Structure formats: structure tokens, C-alpha cells
Amino acid sequence: MMVPVRCFTCGNVVGEHWEEFKARTREAEEPENPEKVLDELGVERHCCRRMLVSHKDLVDIVAPYQ
């Protein structure tokens, strides 16, 4: 699976927050507000926040048969 490891703009490591961010905003029965989740995870820079919010896992689209 492709996980955003580093922010393309500033180079900060964002991969450590990806699984929790995805679980709380996309896979939960009642998804949380992404802004709130990023605040709680301590992601402060706009470029890093954009990186996490805009990332889409393509593995399910590219390889649907597992």
C-alpha cells in the first residue's frame, strides 16, 4: 500500500499519522472532522495537513483482487 511518508513540500514525516487519520476520518462508522483529528495528532503545517487530507489510497482501485 502507498502511504504518504513525507510531505512533498517541507519534507516532514507524516506517515506516522496516516493509519490513525485514515481510521478516524474514512473508515469509522461516524467519521470525525479531519481538521479536529489533525489538531489532535499535532499536525500543524498547512502543507502537511493538505498532504494527509488529499491522499487517496489507490491500491484498492489498481489491484482489486487480493
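**Figure 1. Overall view of the chain and its surface.** The chain exposes about 4900 Å², and carbon and sulfur atoms supply 52% of this area. The model shown is predicted. Four helices and zero strands are present in the chain, giving the pattern α-α-α-α when it is read along the sequence. Of the 66 residues in the chain, 30% are buried. Among contacts in the chain with a separation of 6 or more, 48% are accounted for by residues 24 or more positions apart.

**Figure 2. The four cysteines of the annotated binding site.** The annotation "binding site", taken from an unreviewed UniProt entry, covers Cys7, Cys10, Cys47 and Cys48. These residues are spread over 42 residues of sequence, yet they cluster in space, with a largest C-alpha distance of 7.8 Å.

Figure 3. Cys7 is placed in the segment before helix 1, which spans residues 15-25. Its relative accessibility is 3%; a residue is called buried when this value is under 20%, and Cys7 therefore counts as buried. When its neighbours within four places in sequence are left aside, Cys7 is in contact with Asn12, Val14, Cys47, Cys48 and Met51.

Figure 4. Cys48 counts as buried because its relative accessibility is 3%. Residues up to four places away in sequence are not counted here; beyond them, Cys48 touches Cys7, Cys10, Asn12, Val14 and Val43.

**Figure 5. The buried side of helix 2.** Helix 2 consists of residues 34-41, and its buried residues are Val37, Leu38 and Leu41. These three residues lie on the same side of helix 2, because they cover an arc of only 95 degrees around the axis. The cover over the buried residues of helix 2 includes helix 1 and helix 3.

**Figure 6. A nonpolar patch on the surface.** Leu58, Ile61 and Val62 form this nonpolar patch, and together they have about 320 Å² of accessible area.

Technical notes: Residues numbered from 1 in each chain as written. Predicted model: local features only at pLDDT ≥ 70, side-chain atom pairs only at ≥ 80, totals over all residues. Heavy atoms only, no water. Patch = residues over 30% accessible without salt bridge, like charges linked within 9 Å, V, L, I, M, F, W, Y side chains within 5 Å. Areas by Shrake-Rupley, 256 points an atom, 1.4 Å probe, with all protein chains shown as cover. Salt bridge = Lys/Arg side-chain N within 4 Å of Asp/Glu carboxyl O. Helix = DSSP H or I, 4+ residues; strand = E, 2+ residues; numbered from the N terminus. Buried < 20%, exposed > 50% of the residue type's maximum accessible area, 1.4 Å probe, protein only. Contact = heavy atoms within 4.5 Å. UniProt positions renumbered as here; feature names shortened; annotations may be inferred. Arc of directions from axis to C-beta.
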